[in-house]
Protein chains: 2
Amino acid sequence: MTSVKFDENGLVPVILQDAGTKQVLTLAYANEEALARTIDTKETWLFSRSRNELWNKGATSGNTQRVQSVQIDCDGDALIYEVIPNGPACHTGETSCFHETLSGERSKTASDMIGQLSALIKQRET
Amino acid sequence: MTSVKFDENGLVPVILQDAGTKQVLTLAYANEEALARTIDTKETWLFSRSRNELWNKGATSGNTQRVQSVQIDCDGDALIYEVIPNGPACHTGETSCFHETLSGERSKTASDMIGQLSALIKQRET
């Protein structure tokens with residue numbers, strides 16, 4: 001079993017990924033206690049580098065996340081929390097913090113396609 | 001347009017994600033030149049922290065990646081390269097570097113399900 005390698009600040013990067021759509025929502029960081037609480041409570045716990053404190057994601061906004069699994073990479077220095085989000089992951093109100101494209105064209109997710117089909121159906125109903 | 005915030009070592013974390021299956025393959029790092037080369041060549045360029053050098057992923061193994069898009073997060077300190085992989089992303093031969101579960105149960109990807117269905121069909125043929 002690979003053990004988690006925390007960096008010189010005691011942190012490990014965590015990719016928050018929607019368990020259903022597979023969309024990457026946020027890149028954040030956890031310390032040992034945040035990881036332990038996540039595994040224990042099945043809620044997203046992180047460590048805020050800007051506020052320098054433990055952070056129960058969504059505790060303030062209500063946009064909590066249920067953690068379905070925690071995965072670790074081959075060299076133990078990165079994690080994925082697979083989550084079922086209760087609302088947008090981004091403070092801007094967007095589903096994902098990654099909502100801007102620097103280069104190329106973002107491929108559509110299943111939920112993008114479902115959204116487009118729903119919009120088309122609604123449009124044809126009127 | 002959000003500009004990329006490189007950290008004190010001149011690096012930004014990059015999530016490599018399969019453009020088709022949406023599976024997260026690797027968490028790696030890029031410096032400014034790696035990012036510029038990625039956008040320019042549409043191949044995955046990174047910066048290896050252990051070897052301290054630019055790294056054209058797959059140049060040695062042949063497991064290159066075609067980069068379909070580069071996305072940036074809301075505060076500019078993380079990127080996603082959406083890629084079409086030409087082989088496994090992990091040096092172990094696994095599709096993804098995240099192939100170990102610390103807690104909970106990993107949700108199935110579309111390709112997991114297709115793999116299981118193919119296996120079942122093959123099994124029934126014999």
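User: Is Glu33(A) buried, partly exposed or exposed?

Analyst: This is a predicted model. Glu33(A) has 41% relative accessibility, so it counts as partly exposed, given that buried means under 20% and exposed means over 50%. Arg37(A), with a relative accessible area of 31%, is partly exposed as well.

User: What do the side chains of Arg37(A) and Glu33(A) form?

Analyst: The general idea comes before the case. Side chains of opposite charge can pair when their charged atoms come close. Here, Arg37(A) and Glu33(A) meet in a salt bridge, with 2.6 Å from N to O. Both residues belong to helix H1 of chain A, which spans residues 32–41. They are four residues apart, about one turn of the helix.

User: Which residue does Glu33(B) form a salt bridge with?

Analyst: Glu33(B) forms a salt bridge with Arg37(B), and their closest N and O atoms are 2.6 Å apart. Helix H1 of chain B holds both residues, again four residues apart and about one turn of the helix. The relative accessible area is 41% for Glu33(B), which is therefore partly exposed. For Arg37(B) the value is 31%, so this residue is partly exposed too.

User: How many salt bridges are there over all chains, and how many are between chain B and chain A?

Analyst: Over all chains the structure holds eight salt bridges. Between chain B and chain A the count is two. One of these joins Arg49(A) to Asp77(B), with the closest N and O atoms 3.4 Å apart.

User: Where do Arg49(A) and Asp77(B) lie, and how accessible are they?

Analyst: Arg49(A) sits in the loop between strand E3 (45–48) and strand E4 (53–56) of chain A, while Asp77(B) sits in the loop between E5 and E6 of chain B. Arg49(A) has 47% relative accessibility and so counts as partly exposed. Asp77(B), at 23%, also counts as partly exposed.

User: How do I read the size of an interface?

Analyst: The size of an interface is often given as the accessible area lost when the parts come together. In this model, chain B and chain A bury about 3,600 Å² between them, and 61% of that is on carbon and sulfur atoms. Phe98(B), Glu100(B) and Leu102(B) supply 20% of the area that chain B buries against chain A, more than any other three residues. The contact takes 42 residues from chain A and 42 residues from chain B.

User: How many residue pairs are in polar contact between chain B and chain A, and which elements of chain B supply residues to the side that touches chain A?

Analyst: There are 22 residue pairs in polar contact between the two chains, counting pairs with both residues at pLDDT 80 or more. The elements that each supply at least two residues to that side of chain B include strand E1 (12–18), strand E2 (24–30), helix H1 (32–41) and strand E7 (100–104).

User: Which strand of chain A is joined to E5(B)?

Analyst: Strand E7 of chain A, residues 100–104, is joined to E5(B) by four bridges, and the two run antiparallel. Within this pairing, Thr101(A) stands opposite Gln71(B) in E5(B).

User: Now for burial inside a chain. Is Thr26(A) buried or exposed?

Analyst: Thr26(A) has a relative accessible area of 7%, so it is buried. This residue lies in strand E2 of chain A, residues 24–30. Leaving aside residues up to four places away in sequence, Thr26(A) touches Val14(A), Ile15(A), Leu16(A), Lys57(A), Ala89(A), Cys97(A) and Phe98(A). Thr26(A) and Cys97(A) are 71 residues apart in sequence, with 5.4 Å in space from C-alpha to C-alpha.

User: What is the pattern of chain A along the sequence?

Analyst: Chain A has two helices and seven strands, in the order β-β-α-β-β-β-β-β-α. Its C-alpha atoms fill a box of roughly 55 × 30 × 25 Å along the principal axes. Of the 126 residues of chain A, 42% count as buried. Among contacts in chain A with a separation of 6 or more, residues 24 or more positions apart account for 45%.

Definitions and conventions: Residues numbered from 1 in each chain as written. Chains lettered and ligands numbered in written order. Predicted model: local features only at pLDDT ≥ 70, side-chain atom pairs only at ≥ 80, totals over all residues. Heavy atoms only, no water. Contact = heavy atoms within 4.5 Å. Buried area = accessible area lost by both parts, 1.4 Å probe. Salt bridge = Lys/Arg side-chain N within 4 Å of Asp/Glu carboxyl O. Polar contact = N/O pair within 3.5 Å; in protein donor to acceptor, adjacent residues only side chain to side chain. Pairing = 2+ DSSP bridges. Buried < 20%, exposed > 50% of the residue type's maximum accessible area, 1.4 Å probe, protein only.
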